[in-house]
Structures are given as C-alpha cells and as structure tokens.
Amino acid sequence: MNIINGKEISASIRAEIKAEAEKMTVKPGLAVILVGSDPASQVYVRNKNKACEEVGFYSEMYTLPEETSMEELLGLIDQLNQSPQIHGILVQLPLPKHLDEEKVILAINPEKDVDAFHPVNVGKIMIGNHSFLPCTPAGVMELLSRSGIDVTGKECVVIGRSNIVGKPQAMLLLHANGTVTVCHSRTKNLTEICSRADILVSAIGKAKFVTPDMVKEGAVVIDVGINRDENGKLCGDVDFENVAPKTSFITPVPGGVGPMTITMLMKNTLTAAKNIENK
Ligand code: NDP
C-alpha cells in the first residue's frame, strides 16, 4: 500500500507554477471575493491569499458584509472583469441566501473564471476542449498521474454527482480513457459497484462511509471528502485505517486531495494570465 502524499505533490507543482510565473512579463493576478463571515470560507480565502504569495502572484482580497446586495456584488465583478491586473476571479461559495449564485457565476468573464463554474467552461470540459479544469477534480487527476497511475481501460467509480466534484471528476476520468460509473444517494447495490472499481473516488461528505467491503483488493482509493469524526477530528469519506491495507494507493485526509485544490487554482490563474496576455 502506498499513501499518496498530496502535500508533497502540491509543493512540487507550486514550485513549477512559481518558475513559470517568474518568466512572465505580467504578474498573474487573482481576485477573491468573500461575502459574509462563514468561518470555513474565511479559512479557504486566507489560504488562497497565502498560496498567491507563495507562487509570486498578485492578489486582491475582497471581504464584503453579509448584507451586500446583488447589485454591489455584480458591480465589483464587472470592475474585476475589466481590470488588467486581474486574470482570475473567484467568488467564494456558498453565498448568503439572498444572493443568486447562478447569476453571480454568469457575471464572471469566462476567461477569468478560474473555478471553471461558468457554463461556457463547463461545456468546454464536456467537449474536452478546456481552458480551465475545475480545481478539485483536476487535483485528483494530477495525484493519479504523478503517482504513475494510468487510468486507461480502468474501471473507475465516482461516488457523488455534484457540479463541483462528482460530475466533472467523472468527465475527466472518461477523457483519460477510464470506464466510468457515477454513484449517488439513489444508487442501488453501491457496495457491489464500488467493489468492482480499480480506481474509486469518493466525494460524498460522510465520515468513514467507504468501508473495506466496498473496496477491491489492490484498488486505488481517492478520498475527496472533508468531514469531522465523532471526536471532532478531520477525516475523509473513507474508513482509512481499515481500507488502506486493501489498497495499492490511497490518499489520506488531511494531506491528500485537500492541498491540491488551491494549487490547481494557482495553475488556472497562471493559464488565465497566459491566455489573456497572449491574445
Ligand atoms: P455535495 O453534498 O454537493 O454532494 C454529495 C454527493 O454525495 C451527492 O451527489 C449525493 O448524492 C452523494 N451522496 C450522499 N450520500 C450518499 C450515499 N449515502 N450514498 C451514495 N452517495 C451519496 O458535496 P460536494 O460534492 O460539494 O463535496 C463532497 C465532499 O467533498 C464534501 O465532504 C466536501 O467537503 C468535500 N470537498 C473537498 C474538497 C477538497 O478540496 N478536498 C473540495 C470540494 C469538496 P445525491 O446527488 O443523490 O444527493
């Protein structure tokens, strides 16, 4: 069994991004907008800011009050769409209930949509002609390739079908020539389907949901989940202790997929900067 070290892989990708950014005449710039004071979102936004510093990017952080109106938020996005210093715009989700997330995503210039949530970018991913890949699924693909795991011809099972993780993950595995099955809360025979997988990706959000009976001997198990266990400790969707001995490769939580997500955001910002500057 090999534990895939997301921190180490992430650090080497960040070093590559930094080296690339240093070669550019314009500093890649990322703007992050946070509305309200959700504590988890505040941590994510701080980490995104730190990552920008680490790779030598320019960054602007906007913390707006909970009661920000749609008009004010769209006004800021419009200003950032025009800004020559900003190549990537990220609005931290979830937004307060009175704001329309769909409208907000649509307002971001697709060329600066480094989260890849805009329908134009989602469509491009479907076709296989992408500018940006959504950060978490792209991070999973990097973990696989940098661990020497070839997806071609493999039985891949993704548990979860969200627009942020499950669906794009399935698409990326398909583009990498995997044979892909997507499971969700209505799936029948989940254990049987999962135990066929050569590569099992879990993106559910339930602590220790994936148990050894769901995992084939020698499978690769990627755990996207971020949960708290009964003692309040950070854990994934996979019962790591009992599942790990059956696997050939497994990602831990923390230290697996998590560090890759922000790294892929940096990669998308670099790509956006290159695309905009080379136009
Ligand atoms: P969502 O809640 O949007 O989606 C969860 C998915 O899991 C749904 O498709 C749901 O099915 C499915 N599901 C729920 N219960 C079951 C079940 N009993 N059996 C089978 N499928 C089930 O979550 P996200 O996709 O946004 O996130 C998933 C997890 O990944 C969370 O823990 C989140 O914190 C984590 N995450 C981690 C990131 C990282 O950087 N590492 C980034 C993003 C998310 P249905 O559609 O039928 O309801």
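This is a predicted model: local features need pLDDT of at least 70, side-chain atom pairs count only at pLDDT 80 or more; totals for chains, interfaces and linings use all residues.
**Around the ligand and beyond**

A backbone N or O atom of Val 224 lies 3.4 Å from a nitrogen atom of the ligand.

Ser 162 has a polar side-chain atom 2.5 Å from a ligand oxygen. Ser 185 likewise places a polar side-chain atom 2.5 Å from an oxygen atom of the ligand. On its own, the ligand has 930 Å² of accessible area, and the protein covers 71% of that.

Now step back to the whole shell. It has 21 residues around the ligand. The closest are Arg 161, Ser 162, Ser 185, Ile 226 and Thr 261. Sorted by class, the shell holds nine nonpolar, 10 polar and two charged residues. The ligand takes up the space of the largest pocket.

Next, the chain as a whole. Its domain assignment gives domain 1 as 27-110 and domain 2 as 135-258. The C-alpha centres of these two domains are 29 Å apart.

The structure has one cavity of 30 Å³ or more. The largest cavity contains about 60 Å³ of space. Its lining includes Ile 89, Leu 90, Val 91 and Leu 93. Ile 105, Ile 108, Asp 113, Asp 115 and Phe 117 also line the largest cavity.

How values were computed:
Residues are numbered from 1 along each chain as its sequence is written. Side-chain values use heavy atoms; hydrogens and water are left out. A residue is near a molecule or strand if one of its heavy atoms lies within 4 Å of it. A polar contact is a pair of N or O atoms within 3.5 Å; within protein, one must be able to donate a hydrogen and the other to accept it, and residues adjacent in sequence count only if both atoms are side-chain atoms. Accessible areas come from the Shrake-Rupley method with a 1.4 Å probe; for residues, only the protein chains shown count as cover. On a 1 Å grid over the protein atoms alone, a cavity is a set of points where a 1.4 Å probe fits but cannot get out, and a pocket is an open set with protein on both sides within 12 Å along at least five of seven lines; lining residues have an atom within 4 Å of a point. A molecule sits in a cavity or pocket if more than half of its atoms lie within 2 Å of its grid points. Ala, Val, Leu, Ile, Met, Phe, Trp, Tyr, Cys and Pro count as nonpolar, Asp, Glu, Lys and Arg as charged, and the others, Gly among them, as polar. Domain bounds come from an automatic or database domain assignment. Grid points are joined across faces, edges and corners, and a volume is the space filled by probe spheres set on the points.
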